[in-house]
Amino acid sequence: MWYNNILETIGNTPLVKLNNIVKDIPATVLAKIETTNPGNSIKDRMALKMIEDAEKSGKLKPGGTIIEGTSGNTGMGLAMAAIIKGYKCIFTTTDKQSKEKVDALRAFGAEVIVCPTNVEPEDPRSYYSVSSRLEREVPNSWKPNQYDNLANSQAHYEQTGPEIWEQTEGKITHLVVGVGTGGTISGTGKYLKEKNPNIKIWGIDTYGSVFKKYKETGVFDKNEIYPYITEGIGEDFLPANVNFDVIDLFEKVTDKDAALMTREVCRQEGIFVGNSAGAAVAGLLQLKDQLKPEDVVVIIFHDHGSRYMGKMYNEDWLRERGFLKDEKLTARTILAKKETTEIVTIDCEKTVAEAFNTMSTLNISQIPVTQKGMLVGKLEESDILAALLENASVKSAKVEDIMGATFPFVDLNTSIDRLSSLINKDNSAVLVELEDGKFDIITQYDIINAIKG
């Protein structure tokens, strides 16, 4: 048996029991692995449904252009369907989204316009506003508007809900979903509650988003809105697809907990997932006291980890945001293991002979060069030797005549991996900016010494 095109492979994703990461949860926890969809995310389902509904209603005409504001996954589903069905795609997204997501959309032939994150939805620069303007300006175009297009929820009512009900043989007691557009949780939840009104539908929200407070108070509080890092969940407005009557409660998860849990799902379960899956697991763990041993929890794993290689799966990115415990050596820990010595520099006006004498006396092979106290370059033994071989009289020349570019600067949180990559044939050391505005130096010898312990 074969499929006629890639769109026929959407759906019927596996349900997999989680073991290690949920060992403290007194319930059976099953993950719906939506990464097995051809676009590696759950958004393939609603993207195709929105297109098919628009074709039937005549909103999307042959040869048309699909224009959408998307964080990447919906765009992937739309772009994939557009290729098969013969449409063009223009997507707007925010500068918060990972580079991998944007690159993936462009790989499918879509045009991608990156817009600023930290502006109001109605701001003409926002990715919502830009996509709406393009829809008005581009002939024969159609904007799916995944937030307010109820085909989004309907796709999950028709597909995701029935799949989960059948796969659990009707034993599901709780559904846990990260909420962004609201289509997945609302459509799936509606179907499941029709089958069994006692099933609890739990939405995972993020700090900086309006959902939780609105559900609990009915108040849309603009003071709740501020920038956040977590991708794929939370909003600063109320999409039509979020059915608050279906959702029993919202639980907020911090950016840090979501990012670190994303990595833990991969490390503990061997399932390579994206940021919203990490947020959902973190939220479920926060709610574990509400569960009993006989409960059967289904948690949606929306998308694939490959879209987050530059973020949640990048230790330097995590460390820059203070998310990662300092288990690996950093510039700070390497300097702490190093003998404290005064950093010697030489002024660029000094002669090469004076520089060489200083280096010989102190038994050092390189020296930072300053001009009026500012670092402007470096001098290494190899620089002096090369210059002398060319012209013996160079020893009376100024240091600035033969110095090289200054050593790379790093901060105290820079990882050993990054430090090692910076020390190479062009740079025998790196300079570390200290908290008091001064600097220290790390050489390859210092790194080896720190590793040896």
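Predicted model: local features only at pLDDT ≥ 70, side-chain atom pairs only at ≥ 80, totals over all residues.
User: What do parallel and antiparallel refer to here?

Analyst: The strands of a sheet pair through backbone hydrogen bonds, and this pairing is either parallel or antiparallel.

User: OK, in which sense do β1 and β2 pair?

Analyst: They pair in the antiparallel sense, over three bridges, with β2 taking in residues 28–33.

User: How many residues of β2 are buried?

Analyst: Five of the six residues of β2 are buried, so that the strand is mostly covered.

User: Which side chain does Lys252 make a polar contact with?

Analyst: The side chain of Lys252 is joined to that of Glu224 by a polar contact of 3.1 Å. If residues up to four places away in sequence are left out, Lys252 touches Asp205, Thr206, Tyr207, Gly208, Ser209, Lys212, Glu224 and Gln286.

User: What about His302, where is that found?

Analyst: His302 sits in the loop between β10 and α11, the latter being residues 315–320. His302 counts as buried because its relative accessibility is 9%, which is to be read against the cut-off of under 20%.

User: What does His302 touch?

Analyst: Not counting residues up to four places away in sequence, His302 touches Glu34, Asn40, Ser41, Ile42, Val177, Gly178 and Ser276. With Ser276 there is also a polar contact of 3.2 Å between the two side chains.

User: Switching to helices, which residues of α5 are buried?

Analyst: In α5, the helix of residues 151–158, the buried residues are Ala151, Asn152, Ser153, Ala155 and His156. What covers these buried residues of α5 includes α1 (43–57), α6 (160–167) and α7 (183–195).

User: Why does Ser153 count as buried?

Analyst: Ser153 counts as buried because its relative accessibility is 12%, and the cut-off for buried is under 20%. Leaving aside neighbours within four places in sequence, Ser153 is in contact with Gly182, Gly183, Ser186, Gly187 and Asn241.

User: How many Å separate the C-alpha atoms of Ser153 and Asp123?

Analyst: Those C-alpha atoms are separated by 27 Å, and the two residues are 30 residues apart along the chain.

User: Back to sheets, what is the order in the open sheet of three strands?

Analyst: The order there is β11-β12-β13, again with mixed pairing. The edge strands, each pairing on one side only, are β11 (346–347) and β13 (374–380). Between β11 and β12, which is residues 366–371, the pairing is parallel over two bridges, and Ile346 stands opposite Val369 in β12.

User: Last topic, what is the volume of the largest pocket, and how many residues line it?

Analyst: The volume of the largest pocket is about 750 Å³. Its lining has 47 residues, and of these Lys96, Tyr128, Tyr228, Gly234 and Glu235 lie nearest the centre.

User: Which elements give two or more residues to that lining?

Analyst: Those elements are α2 (73–85), α4 (127–137), β7 (174–178) and α7. The largest share, three residues, comes from α7, a helix that is also among the elements covering the buried residues of α5.

Conventions:
Residues numbered from 1 in each chain as written. Heavy atoms only, no water. Polar contact = N/O pair within 3.5 Å; in protein donor to acceptor, adjacent residues only side chain to side chain. Contact = heavy atoms within 4.5 Å. Pairing = 2+ DSSP bridges. Helix = DSSP H or I, 4+ residues; strand = E, 2+ residues; numbered from the N terminus. Buried < 20%, exposed > 50% of the residue type's maximum accessible area, 1.4 Å probe, protein only. 1 Å grid on protein atoms, 1.4 Å probe; cavity = no way out; pocket = protein on both sides within 12 Å on 5 of 7 lines; lining within 4 Å. Points joined across faces, edges and corners; volume = space filled by probe spheres on them.
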